[in-house]
Amino acid sequence: MARLPITISLFHLAFFAPLAATPAVAADYYAGKTLEFLVGAAPGGGYDIYARAVSRHLGRHIPGEPTVVVKNMPGAGSAKAAQYITGIAPKDGTSIAGIMPGAIMGPLLDDRTAPLFDPTKVRYIGTANSGVRVCVTLKGNSIGSFADAQKVKGKLGGSGPNDSTFEYALLHKHTGGALWDVVTGYRGTAEMGLAMERGEIDGVCGWDWSSFKSQKPDWLRDGKVNVLLQASIEPHPVLAKMGVPTAFDFVKDEESRKVLELVVSQTVFHRSYIAPPETPPEQLAILRKAFDDTMADKAFLADAEKVSIDIDPLPGAKVQDVVAKLYAAPPAIVERARKAIRPD
């Protein structure tokens, strides 16, 4: 897409970079061990569904077949889990975490998190999906389209800084002219969906499309939902066929477009899994290969289809490169993006 040259070039440079060779390691290193698999989100949400699907199959692809134990560690949009991985978790390849892209972009776009977690230093195992985020309301709501949101005041649910539901709602407010306010404090999209049904809030932005389909299939099946817009590198074909406009259709000026490009670039590494910065190269290579093999495993793909999640993976080395390039973005654009995802 011509309108996204910076973002697309980042993705292509990362995707076509050569893969590193796998170092030799003892075949029985993981035998009898437990692999701690943290989920940087609350139970029942999209990130939990993805991580548990991956965890059910990952161990089979690691030599020695360690026991994989999943633990939820929500907080600060996955930054709590990322900080644990960075500073507390074992550094021997026996601890990984599934984190939200907001946690990866947080230190770039929110300088308050920079001293606590450096996303360029953790080691990326891979990402299970390059996603698309949507804004939704329920039918019968006064906000039935994004054009309505530009004219009618509303309330959208959000968790807090570094979480997509908070940041994307503000991003579309500041770059697309929506009039809504964000009500914070909700623990994940499952809780926000209930709040929508109770009428506490009008809708949610930043809800991952794949997670939404998995969590609320009846809303789609029964025509209960308005999908106001989609935000991703390229339009999702299914959403485009449904007539859902992109966030870029509503940007007010070129500066807003550049800000939107930078923030939305994180959808390239939508479902990332990380290991500590000090993870030995041999163990990192094993984990990366096991992840890649899992992503191509027929049993895993059947499981993913059963729980209605999309799989569009990217290897860990590629994710590492994309993150490094995003952190090299021009300071002026970064500063404007910081303001766009924060309250006025």
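Thr 137 sits in strand β5 of this predicted model. At 1% relative accessibility, Thr 137 is classed as buried. Its contacts beyond four places in sequence are with Ile 143, Gly 144, Met 196, Asp 202, Gly 203, Lys 224, Val 225, Asn 226 and Leu 228. Thr 137 and Asp 218 are 81 residues apart along the chain. Their C-alpha atoms are separated by 14 Å.

Strand β5 also contributes to a covalent link. It spans residues 133-138 and holds Cys 135. Cys 135 forms a disulfide with Cys 205, with 1.8 Å between the sulfur atoms. A search of the whole structure returns 1 disulfide. The link of Cys 135 and Cys 205 is right-handed, with 110° about the S-S bond. Cys 205 lies in strand β8, so the pair ties together parts that are 70 residues apart in sequence. Cys 135 and Cys 205 are both buried. In general, a disulfide is a covalent bond between the sulfur atoms of two cysteines.

Nonpolar packing was examined next. In soluble globular proteins, nonpolar side chains tend to be buried together. The largest nonpolar core here has 55 residues. Within this core, Ile 99, Leu 109, Leu 171 and Trp 180 touch the most other members. Ile 99 touches Tyr 47, Ser 78, Ala 81, Ala 82, Ile 104, Phe 117, His 270, Ser 272 and Ile 274, with residues up to four places away in sequence not counted.

The largest pocket contains about 480 Å³ of space. Its lining comprises 32 residues. Met 100, Ser 159, Asp 163, Arg 187 and Gly 188 are the closest of these to the pocket centre. Two or more lining residues come from each of α2 (46-58), α6 (164-176), α7 (189-198), β8 (203-208) and α8 (209-215). By class, the lining divides into 11 nonpolar, 16 polar and 5 charged residues.

Gly 177 follows α6 and has a positive phi, near 85°. Helix α7 contains Glu 191. Glu 191 is partly exposed, at 31% relative accessible area. Glu 191 and Gly 45 are 146 residues apart along the chain, yet 8.8 Å separates their C-alpha atoms. Helix α2 contains Ser 55. Ser 55 has a relative accessible area of 12%, under the 20% cut-off, and is therefore buried. With neighbours within four places in sequence left aside, Ser 55 is in contact with Phe 37, Val 68 and Val 70.

Helix α13 covers residues 298-306 and contains Leu 301. Leu 301 is partly exposed, with a relative accessible area of 34%. Leu 301 touches Met 295, Ala 296 and Ile 311, not counting residues up to four places away in sequence. Leu 301 and Pro 161 are 140 residues apart in sequence. In space, 33 Å lies between their C-alpha atoms.

Backbone geometry was considered last. Most residues other than glycine have a negative phi, and most peptide bonds are trans. Glu 65 is not a glycine, but its phi is positive, near 45°. Glu 65 is placed in the loop between α2 and β2 (67-72). At 54% relative accessibility, Glu 65 is exposed. Ala 76 also has a positive phi, of about 55°, although it is not a glycine. Ala 76 is placed in the loop between β2 and α3 (79-87). Its relative accessible area is 46%, so Ala 76 is partly exposed rather than exposed, the cut-off for the latter being over 50%.

Notes
Residues are numbered from 1 along each chain as its sequence is written. This is a predicted model: local features need pLDDT of at least 70, side-chain atom pairs count only at pLDDT 80 or more; totals for chains, interfaces and linings use all residues. Side-chain values use heavy atoms; hydrogens and water are left out. A nonpolar core is a set of buried Ala, Val, Leu, Ile, Met, Phe, Trp, Tyr and Cys residues joined through side-chain atoms within 4.5 Å. Buried means under 20% relative accessible area, exposed over 50%, partly exposed in between (1.4 Å probe, protein chains only). Contact means heavy atoms within 4.5 Å. On a 1 Å grid over the protein atoms alone, a cavity is a set of points where a 1.4 Å probe fits but cannot get out, and a pocket is an open set with protein on both sides within 12 Å along at least five of seven lines; lining residues have an atom within 4 Å of a point. Grid points are joined across faces, edges and corners, and a volume is the space filled by probe spheres set on the points. Helices (H or I, at least four residues) and strands (E, at least two) are DSSP runs, numbered from the N terminus. Ala, Val, Leu, Ile, Met, Phe, Trp, Tyr, Cys and Pro count as nonpolar, Asp, Glu, Lys and Arg as charged, and the others, Gly among them, as polar. A disulfide is a pair of cysteine sulfur atoms within 2.5 Å.
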